[in-house]
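I opened the notebook to look up a few things in one structure. Below are my entries, in the order I made them.

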Amino acid sequence: ALKGIESMRLNDTYDSALSTLVVSHLLNNIGCIQYIQGSITNAKKTFLSALRIGNNVLKQTSRINKSKIIQGYKHVGTIYYNLGIANARLDLKEETKKSLECAVALQKEGLGESHPDNAIVQHNVGLIFLSAGLMNEAMNALLESIRIIRFVFGNGNRQVAKVLFQLGKVHEMKCEYNEALHVYQETLRIERLTLGMNHPEAVMTMYEIGKVHHERGDLEEALNTYNEILPIVRASSSIGTLSLVLLLCQMVTIHIEIGNIEAATRIYIRVSRMIEQDSSAQTIINIVAVGKIEYLLMNPPAAATA
């Protein structure tokens with residue numbers, strides 16, 4: 001395909017700047033394939049090649065009509081975004097930051113400060129910053145995404161809740177539990193308003209609220225939150241067994257921390273029976289609260305051995 005495009009550039013009727021942009025686009029796609037195949041270093045090299053071509057095209061914008069200029073900015077911004085993802089996978093934090101900041105700047109240049117597409121870009125950039133451990137950058141990107149969504153669609157839009165949820169995760173990972181709780185509560189308010197009380201997204205937000213209470217040491221509040229969503233999770237066909245097992249395991253750990261070993265044992269026996277019916281649920285046991293559960297198994301109370 002690259003050879004074909006190169007030969008098309010020899011045709012005087014074909015715009016050389018646009019054909020070069022197509023070459024850049026193809027290189028970007030090749031980089032994406034390399035990334036998916038796990039060749040992250042090669043993908044980065046290909047993205048850089050695509051950027052060199054794409055940036056050269058942007059320097060020739062006087063020869064391209066306005067719609068093509070916008071297309072060029074969006075395209076080069078996309079390559080910077082992909083390069084940022086590759087840098088994040090390679091644990092190159094400063095390069096990740098630089099690439100993603102360029103992606104955002106080009107998107108704004110092409111579409112304007114408050115275009116709805118910029119909210120999506122800022123949200124996605126925030127998630128990449130989060131995965132790279134760049135918490136402050138992640139928070140700034142998510143806040144900008146929320147600002148744009150509120151400006152365009154209003155405060156009660158479902159997309160606001162989606163981004164707020166990720167903002168809550170950032171606060172939680174920074175151990176800013178009061179801020180995380182406030183953000184999750186606002187997320188839940190919007191979700192219940194737009195999706196309903198029992199929607200899986202609202203249930204997940206309540207689960208995170210329970211986790212924050214637990215991390216703050218508010219064990220009774222955490223347990224009350226989990227008990228509130230337990231019947232919803234049980235009754236929902238869309239949430240699944242693994243989510244129920246995860247919730248029950250969290251409740252086991254809280255009961256152990258409180259000192260209510262009898263209740264912890266009772267719930268864990270229920271979990272064990274669920275695992276017998278769905279062996280994949282054992283994965284959750286290995287991930288969450290395994291130390292507390294193993295302690296319980298190694299030190300069973302009399303009621304558990306009877």
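**Entry 1: the model.** I noted at the start that this is a predicted model.

**Entry 2: helix α9.** I looked up helix α9, which covers residues 177-194. At 1.5 Å a residue, its 18 residues should span 26 Å, and the end C-alpha atoms are 25 Å apart, so the two values agree.

Next I asked which residues of α9 are buried. They are A180, L181, V183, Y184, T187, L188, I190 and E191. I recalled that an α-helix has 3.6 residues a turn, so residues three or four places apart point the same way. The buried residues of α9 pack against α8 and α10. Just after α9, I found G196 with a positive phi of about 105°.

**Entry 3: the largest nonpolar core.** I then looked up the largest nonpolar core, which has 35 residues. Those that touch the most other members are Y226, I229, L247, L248, M251 and V271. At least two residues of this core come from each of α9, α10, α11, α12 and α13. Which helix gives the most to this core? It is α12, with 9 residues.

Leaving aside its neighbours within four places in sequence, L247 is in contact with Y207, Y226, I229, L230 and V233.

**Entry 4: a patch on the surface.** I looked for nonpolar side chains on the surface. F151, V152 and F153 form a nonpolar patch there, and together they have about 320 Å² of accessible area. I placed V152 in helix α7, residues 135-153. Is V152 buried or partly exposed? Its relative accessible area is 33%, so V152 counts as partly exposed.

**Entry 5: positive phi values.** I wrote down the general rule before going on: most residues other than glycine have a negative phi. D91 is not a glycine, yet its phi is positive, at about 60°. I found D91 in the loop between α4 (66-89) and α5 (93-111). The relative accessibility of D91 is 52%, so D91 counts as exposed.

C175 is a residue other than glycine with a positive phi, near 65°. I located C175 in the loop between α8 (158-173) and α9.

Notes:
Residues numbered from 1 in each chain as written. Predicted model: local features only at pLDDT ≥ 70, side-chain atom pairs only at ≥ 80, totals over all residues. Heavy atoms only, no water. Helix = DSSP H or I, 4+ residues; strand = E, 2+ residues; numbered from the N terminus. Buried < 20%, exposed > 50% of the residue type's maximum accessible area, 1.4 Å probe, protein only. Core = buried A, V, L, I, M, F, W, Y, C linked by side-chain atoms within 4.5 Å. Contact = heavy atoms within 4.5 Å. Patch = residues over 30% accessible without salt bridge, like charges linked within 9 Å, V, L, I, M, F, W, Y side chains within 5 Å. Areas by Shrake-Rupley, 256 points an atom, 1.4 Å probe, with all protein chains shown as cover. Salt bridge = Lys/Arg side-chain N within 4 Å of Asp/Glu carboxyl O. Expected span 1.5 Å × (residues − 1).
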